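Subject: Structure for you to look at

Dear colleague,

I am passing on the structure we talked about, and below it you will find my notes on what turned up when I went through it. Please read them with the coordinates open beside you.

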Amino acid sequence: PAAAPGGAEVDIEGCSISAVRGAGREFDKTLKGFRGPILKAMLPPEVEGLHRVVHSLEVLKSSLLRELAAPDALQRADELSADCRRYFSGVAQLKADLSRYGEMQREDGEGGGPSTTGRRKAQPNLPQLEVA
């Protein structure tokens with residue numbers, strides 16, 4: 001890994017290899033929560049959106065780990081800091097989305113069972129996760 005002067009790990013405003021790896025563990029744990037009944041209850045466009053977000057976050061994580069380990073990481077501090085904020089924000093949004101889908105799943109279960117189609121109606125007020 002890239003080292004700051006004095007041999008320590010590069011840390012750019014909280015953006016470091018260990019911080020990205022930690023968020024990656026949270027991402028992996030959150031992603032597992034989407035499996036099973038929650039994923040089955042999601043509408044096809046929501047599943048497609050989830051796949052896009054997951055792919056974008058995986059690419060961003062990989063890129064951050066590579067770039068933070070580069071010898072010139074400190075020279076690109078602004079760019080790396082912005083990318084880290086996007087990654088951390090994306091992981092937090094994914095966790096919030098999982099929580100909301102879990103709430104909807106519980107609400108559907110309390111409502112006397114699944115709808116006649118076996119799927120819930122689309123929830124237009126659920127926030128979209130945008131990862132550039």
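Ser-81 belongs to helix H4, and, once its neighbours within four places in sequence are set aside, Ser-81 is in contact with Ile-12 and Glu-13. Please bear in mind throughout that this is a predicted model.

As for the overall make-up, the protein has 4 helices and 0 strands, which gives the pattern α-α-α-α when read along the sequence. Of its 132 residues, 36% count as buried, and the accessible surface comes to about 8000 Å², with 54% of that area belonging to carbon and sulfur atoms. Among the contacts with a separation of 6 or more, 73% are between residues 24 or more positions apart.

Helix H1 runs over residues 17-33, and at 1.5 Å a residue its 17 residues should span 24 Å, which agrees with the 25 Å between its end C-alpha atoms. Within H1, the buried residues are Ile-17, Val-20, Ala-23, Gly-24, Phe-27 and Thr-30. Seen down the axis of H1, these buried residues fall within an arc of 140°, so they line one face of the helix.

The largest nonpolar core contains 27 residues, of which Phe-27, Phe-34, Met-42, Leu-64, Leu-68, Tyr-87 and Leu-94 touch the most other members. The elements that give two or more residues to this core are H1, helix H3 (44-68) and helix H4 (77-110). In soluble globular proteins, nonpolar side chains tend to be buried together.

Which residues does Tyr-87 contact, leaving aside its neighbours within four places in sequence? They are Val-20, Ala-23, Gly-24, Phe-27, Leu-57, Leu-60, Lys-61 and Leu-64. Tyr-87 itself is found in helix H4 and is buried, with a relative accessible area of 0%.

Turning to the aromatic rings, the count comes to 2 pairs. Phe-34 and Tyr-101 form an edge-to-face pair, with 6.1 Å from centre to centre and 70° between the planes. Because Phe-34 lies in the loop between H1 and helix H2 (37-41) and Tyr-101 in helix H4, the pair ties together parts that are 67 residues apart in sequence. Both partners are covered by the 20% cut-off for burial: Phe-34 is buried, with a relative accessible area of 3%, and Tyr-101 is buried as well, with a relative accessible area of 8%. Tyr-87 and Phe-88 form a tilted pair, with 6.2 Å from centre to centre and 55° between the planes. In that pair Tyr-87 is buried, whereas Phe-88, at 27% relative accessibility, counts as partly exposed.

With best regards

Terms used: Residues are numbered from 1 along each chain as its sequence is written. This is a predicted model: local features need pLDDT of at least 70, side-chain atom pairs count only at pLDDT 80 or more; totals for chains, interfaces and linings use all residues. Side-chain values use heavy atoms; hydrogens and water are left out. The expected span of a helix is 1.5 Å times one less than its number of residues. Buried means under 20% relative accessible area, exposed over 50%, partly exposed in between (1.4 Å probe, protein chains only). The arc is that of the directions from the helix axis to the C-beta atoms. A nonpolar core is a set of buried Ala, Val, Leu, Ile, Met, Phe, Trp, Tyr and Cys residues joined through side-chain atoms within 4.5 Å. Contact means heavy atoms within 4.5 Å. Accessible areas come from the Shrake-Rupley method with a 1.4 Å probe; for residues, only the protein chains shown count as cover. Rings of Phe, Tyr and Trp (its six-membered ring) pair if their centres lie within 6.5 Å; planes under 30 degrees apart count as stacked, over 60 as edge-to-face and the rest as tilted.
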